[in-house]
Amino acid sequence: VNVALTGSDWLTLFVQFLLLSCLSVGGAITLVPEMHRILVESHGWLTNEQFVASMAIAQAAPGPNILFVALMGWNVGLNAGGGLANGLAGWMTAFAGALVTMAGMLIPSTTLTYFATRWAHRNRELRAVRALKQGLAPIVVGLLVATGWVLVRGDADSAVNPSTVAVALISMLIVWRTNIHLLWLLGAGALLGAMGMV
Amino acid sequence: VLTVPSVVVLAMAIAFENVADTAAGQGALRGLGAVVAGLITATGLKLVPALRSSPMGHREALAVVLLTFAAVGVIRLPLVWVLAGLGTSACLWTWFCLKRSDELRAAQPEAPAP
């Protein structure tokens, strides 16, 4: 996939993630539907497959899951710079993409959120703080379920793939009801997929 | 703090980049994606029992879950609007419910806490 990104597009990418970071009511993962809207649907900077793959790889890898943000930026950079096959320029553009999205996501949340969290903790008895926390709790649940749906739904114009939904539903039930190690599930999913069954 | 994991994730991405050209590699990524989708949904569902003690009421909280899901996941409204509309309403409604229960408790100091 090749995408042309102008200087103002890069700025837009940065500012969008900066703004998104301020909207993260339940962690970066609740922002995934909005990221899909921006990166895949509005601008076409990522294909749906690349978006889902970014989430899949970041969740399967060890380390903090917020790295899916870096992977999305990395893939935008790959599309913009002609990919790693394009040599140094391709590598640099991919790195720039990862840096831009991560910086956008982390700058507000490491400053603003730090102070907001401390203030909220000191005033946790305050009715407004309790209302904010408990009022947003169902919103966070809705956003998490919406994230799952956006990841299985696929492109807006193509039909939903029933086997993808089935695998997602079964994994959901297993994670919800059992304590099986996630790596088994991820491995099974990858295997089923490689055999062409998802 | 994020440097080492970043390198690991990017290395995995580069490895997958080579695999993604094959049909099996693309399938594996689709399979992983479907499992991850289920995993994130389950994270949300595990929080549902906690909504039972929501000040706005259990059923009301579940309605907010459904409305958020529909607005963000199905209608695909921008998140800003959803938070400004649904988020603000949910917090204000919770505030009023908390105020009411606080006042009730203040009026009957003898009554045991519910």
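Across the interface of chain A and chain B, 3 salt bridges turn up, a salt bridge being a side-chain nitrogen of Lys or Arg within 4 Å of a carboxyl oxygen of Asp or Glu. The model is a predicted one, in which local features need pLDDT of at least 70 and side-chain atom pairs count only at pLDDT 80 or more, while totals for chains, interfaces and linings use all residues. Residues are numbered from 1 along each chain as its sequence is written, chains are lettered from A and ligands numbered from 1 in the order in which they are written, and side-chain values use heavy atoms, with hydrogens and water left out.

Let us meet two of these links between the chains. In one of them, Arg76(B) pairs with Glu41(A), and the closest N and O atoms are 2.7 Å apart. In another, Arg130(A) pairs with Asp102(B), with 3.5 Å between the closest N and O atoms. Helices here are DSSP runs (H or I, at least four residues), as strands are (E, at least two), and they are numbered from the N terminus. Are the two partners buried or exposed, or something in between? Arg130(A) counts as partly exposed because its relative accessibility is 25%, and Asp102(B) counts as buried because its relative accessible area is 19%. The cut-offs are under 20% relative accessible area for buried, over 50% for exposed, and partly exposed in between (1.4 Å probe, protein chains only).

Now step back to the whole interface. The contact draws 69 residues from chain A and 61 residues from chain B, where contact means heavy atoms within 4.5 Å. Between the two chains, about 5,700 Å² is buried, and carbon and sulfur atoms give 80% of that area. Buried area is the accessible area (1.4 Å probe) that two parts lose on being put together, summed over both. There are also 8 residue pairs in polar contact across this interface, both residues being at pLDDT 80 or more. A polar contact is a pair of N or O atoms within 3.5 Å; within protein, one must be able to donate a hydrogen and the other to accept it, and residues adjacent in sequence count only if both atoms are side-chain atoms.

Which helices of chain A supply at least two residues each to the side that touches chain B? They are H2 (32-42), H3 (48-60), H4 (68-81), H5 (88-122), H6 (127-153), H7 (162-177) and H8 (182-194). H6(A) gives the largest share of that side, 24 residues. Sorted by class, the side of chain A that touches chain B holds 51 nonpolar, 12 polar and 6 charged residues. In this sorting, Ala, Val, Leu, Ile, Met, Phe, Trp, Tyr, Cys and Pro are nonpolar, Asp, Glu, Lys and Arg are charged, and the others, Gly among them, are polar.

Chain A itself comes next. It has 8 helices and 0 strands, and its C-alpha trace spans about 55 × 45 × 30 Å along its principal axes. Of its 198 residues, 48% count as buried. Among contacts in chain A between residues at least 6 apart in sequence, 62% join residues at least 24 apart.

Over all chains, the count of salt bridges comes to 6. One of them joins Arg153(A) to Glu41(A), at 3.4 Å from N to O. This pair links distant parts of the chain, with Arg153(A) in helix H6 and Glu41(A) in helix H2, 112 residues apart. Arg153(A) is buried, its relative accessible area being 11%, while Glu41(A) is partly exposed at 33%. Together with Arg76(B), these two residues form a network of salt bridges. Another salt bridge pairs Arg37(A) with Glu34(A), the closest N and O atoms being 3.1 Å apart. Both residues lie in helix H2 of chain A, 3 residues apart, about one turn of the helix, and both are buried.

Our last stop is Ser54(A), in helix H3 of chain A. Ser54(A) counts as buried because its relative accessible area is 0%. A polar atom of its side chain lies 2.8 Å from the backbone oxygen of Gln50(A). Leaving aside residues up to four places away in sequence, Ser54(A) touches Phe68(A), Leu71(A), Met72(A) and Asn75(A).
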